[in-house]
Amino acid sequence: MLCRGGDGCLFILQQSSSNRMRRYLWKKEPSAEEAESKSKFLHFVSEIFQSSLQNNNSCFCSALDEPWRELHWGEKQKDLQYVQEYKPQQDDIKYLRVLLYGPVGAGKSSFINSVSNVIRGRMTIPALASAMTSDQSFTRKYETHKFIKGRGSSKTFYPLVFNDIMGLEDGTDRGVHADDIKLALEGHVREGHKFNPVAPISQHDPGYNPTPSADDKVHVLVCVMSANTPQMNSSVLEKMKSVRETASDLGIPQMAMMTHIDEACGEIEKDLRNVYKSKYLKKKMKDFSATVGIPMNCIFPVKNYSEEIDLNDDVDILILSALKIMINFGDDFIEKI
């Protein structure tokens, strides 16, 4: 007989019959006292676990009494009109160009779709986006996304365009190269160029634009980062810092969009208007600002459209508040070109 620790003793009986060994295994039934003791222990552990969850939620996802940043929730039409009526005043620039970059899965393509929804007043999908969680970029090509204005023969485009780019990934031979983003800033990457994770674009590639116009160049650089990401890899941070340095040398204004805010904080998930009351989100934005170097007043939390089938005013207002600043920054830069 062998006796081992656990819920009871394991008994092994071996019996010989017809030159074969037959083994019987069973567990000894616990006594009433043992069962009661085990039940009390499990209840104790459960209480500690639930208390821990409540404490974490209280510390990190609780809401402040007053918002730490003011937002006029009732001025959607005013902000929308401002965005829709914008037009660059330089004759050689037809579009204000915004370049999005950031880690894989941050929501760059979804942000473009969300902007399109707000501007056009209905659900749209100009940029293909993946709903699957992956460590590899869904976007492979350099694409310019325009937003349609009007319909039929009178159809035109709003003078605000977004360029989507392959996501930044951990490692040297994965994701978009920082050098490719730097060349895109100066307009040297042609539309439709397929990024090569192994090697950055060279002057001999067909996707290289040797003579970019003022319209080809980027006027605002926007980093897209998920609020639900616990920590960024050091190699991704180094690439982001390298891109930021080049943009700073070129004088290009920079901003950041923090996405997935409802997934990161339960208070925001319950009510999107808690966005600037969330202690967790404020800390996340401060940490991101200190790590990457983008000032707090240039970081905007947004919620991308994901599971909705109709527009939501609160979602729209957060996006519009970021778009207004984006346009102002880009227009100031265009005026200096």
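Analyst: Contact here means heavy atoms within 4.5 Å, and, once neighbours within four places in sequence are set aside, leucine 64 is in contact with Lys277 and Lys279. This is a predicted model, in which local features need pLDDT of at least 70 and side-chain atom pairs count only at pLDDT 80 or more, while totals for chains, interfaces and linings use all residues. Residues are numbered from 1 along each chain as its sequence is written, and side-chain values use heavy atoms, with hydrogens and water left out.

User: How far apart along the chain are leucine 64 and lysine 279?

Analyst: They lie 215 residues apart along the chain, yet their C-alpha atoms are separated by 6.7 Å. Across the protein chain, 69% of the contacts between residues at least 6 apart in sequence join residues at least 24 apart.

User: Is leucine 64 buried, partly exposed or exposed?

Analyst: Buried means under 20% relative accessible area, exposed over 50%, and partly exposed in between, with a 1.4 Å probe and protein chains only. Leucine 64 counts as partly exposed because its relative accessibility is 28%. Of the 337 residues of the protein chain, 43% count as buried.

User: Which residues have the most contacts inside the largest nonpolar core?

Analyst: A nonpolar core is a set of buried Ala, Val, Leu, Ile, Met, Phe, Trp, Tyr and Cys residues joined through side-chain atoms within 4.5 Å. The largest one has 84 residues, and Phe162, Met257, Phe288 and Met326 have the most contacts inside it. Beyond four places in sequence, the contacts of phenylalanine 162 include Val98, Phe111, Leu323 and Met326.
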